[in-house]
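Please open the structure in your viewer and keep the sequence beside it.

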Amino acid sequence: MNLQKKSDNNLTPCNKNRILIVDDDRLVRRTFRIIVSSELPECEMDMAGDGTEAVELFRESHHDIVILDVYLPIMGGLDAYRQIEKECESRGWQMPSIIFCSGFQVTDEAKEIMAKHPEYYIMQKPVTGSAVAEVLKQIVKV
């Protein structure tokens, strides 16, 4: 697959072939890394264990796709999402594709974000490799 998303006019495009995986469970991060590397071998991946680290990594690399756990320590996933959104607005950056993940019931706030952004995805944990691959195929044009 080649990352070839539509670019928003007048916004700096995301860093193609760059994915940020954010989850506080090291095994989950590793699992996502294996799945993503098999589906998108040309991509570089960064890993974060909490929302604060995720925002810092995003500021450095302006990732094209962010796989973001909703429930994280230090700064939750939805707070991290809002920070990423503010960062993109202030820098004139295109927003990345967002894949929210949760092992718990989806919050009303996450549902509101999804309603405003039908191009985003939410996946219930535990996720399967085929489910992640299917979402990636929808985000990325073959």
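In which element does N17 lie? N17 lies in strand 1, residues 15-22; helices (H or I, at least four residues) and strands (E, at least two) are DSSP runs, numbered from the N terminus. This is a predicted model, in which local features need pLDDT of at least 70 and side-chain atom pairs count only at pLDDT 80 or more, while totals for chains, interfaces and linings use all residues. Residues are numbered from 1 along each chain as its sequence is written, and side-chain values use heavy atoms, with hydrogens and water left out.

**Backbone stops**

Remain at N17. Its phi is near 65°, a positive value in a residue other than glycine. N17 counts as partly exposed because its relative accessibility is 29%; buried means under 20% relative accessible area, exposed over 50%, and partly exposed in between (1.4 Å probe, protein chains only).

Next, select I74, in the loop between strand 3 and helix 3. I74 also has a positive phi, of about 65°, although it is not a glycine. At 71% relative accessibility, I74 counts as exposed.

Then select K125 and P126. The peptide bond from K125 to P126 is cis, with omega near 0°. P126 is found in the loop between strand 5 (121-124) and helix 5 (129-139).

**Aromatic pairs**

Now display the aromatic side chains. A pair of aromatic rings is described by the distance of the centres and the angle of the planes. Here, rings of Phe, Tyr and Trp (its six-membered ring) pair if their centres lie within 6.5 Å; planes under 30 degrees apart count as stacked, over 60 as edge-to-face and the rest as tilted. The structure holds four aromatic pairs.

Select F58 and W93. Their ring centres are 5.8 Å apart and their planes stand at 70°, so the pair is edge-to-face. F58 belongs to helix 2 (residues 51-61) and W93 to the loop between helix 3 (77-91) and strand 4 (97-102), so that the pair links distant parts of the chain, 35 residues apart. Both F58 and W93 are buried.

Continue to Y71 and F104. This pair is edge-to-face because the ring centres are 5.3 Å apart and the planes are at 85°. Y71 lies in the loop between strand 3 (63-69) and helix 3, and F104 in the loop between strand 4 and helix 4 (108-116), so the pair ties together parts that are 33 residues apart in sequence. Y71 counts as partly exposed at 33% relative accessibility, whereas F104 counts as exposed at 55%.

**The nonpolar cores**

In soluble globular proteins, nonpolar side chains tend to be buried together. A nonpolar core is a set of buried Ala, Val, Leu, Ile, Met, Phe, Trp, Tyr and Cys residues joined through side-chain atoms within 4.5 Å. The largest one has 26 residues, and those with the most contacts inside it are L20, V22, L68, Y81, F100 and Y120. Strand 1, helix 2, strand 3, helix 3, strand 4 and helix 4 each supply at least two residues of this core. Its largest share, five residues, comes from helix 3.

Which residues does Y120 touch, not counting residues up to four places away in sequence? Y120 touches Y81, M95, P96, I98, F100, I113 and M114, where contact means heavy atoms within 4.5 Å.

A second, separate core of 21 residues includes V36, I65, I99 and L136.

**H62 and the cysteines**

Select H62, in the loop between helix 2 and strand 3. H62 counts as buried at 6% relative accessibility. Leaving aside neighbours within four places in sequence, H62 is in contact with T12, P13, C14, N15, C88, W93 and Q94.

C88 is buried, with a relative accessible area of 2%. For C43, the closest cysteine sulfur is likewise in C14, 12 Å away and too far for a bond. C43 counts as buried at 9% relative accessibility.

Definitions and conventions. Disulfide = S-S within 2.5 Å.
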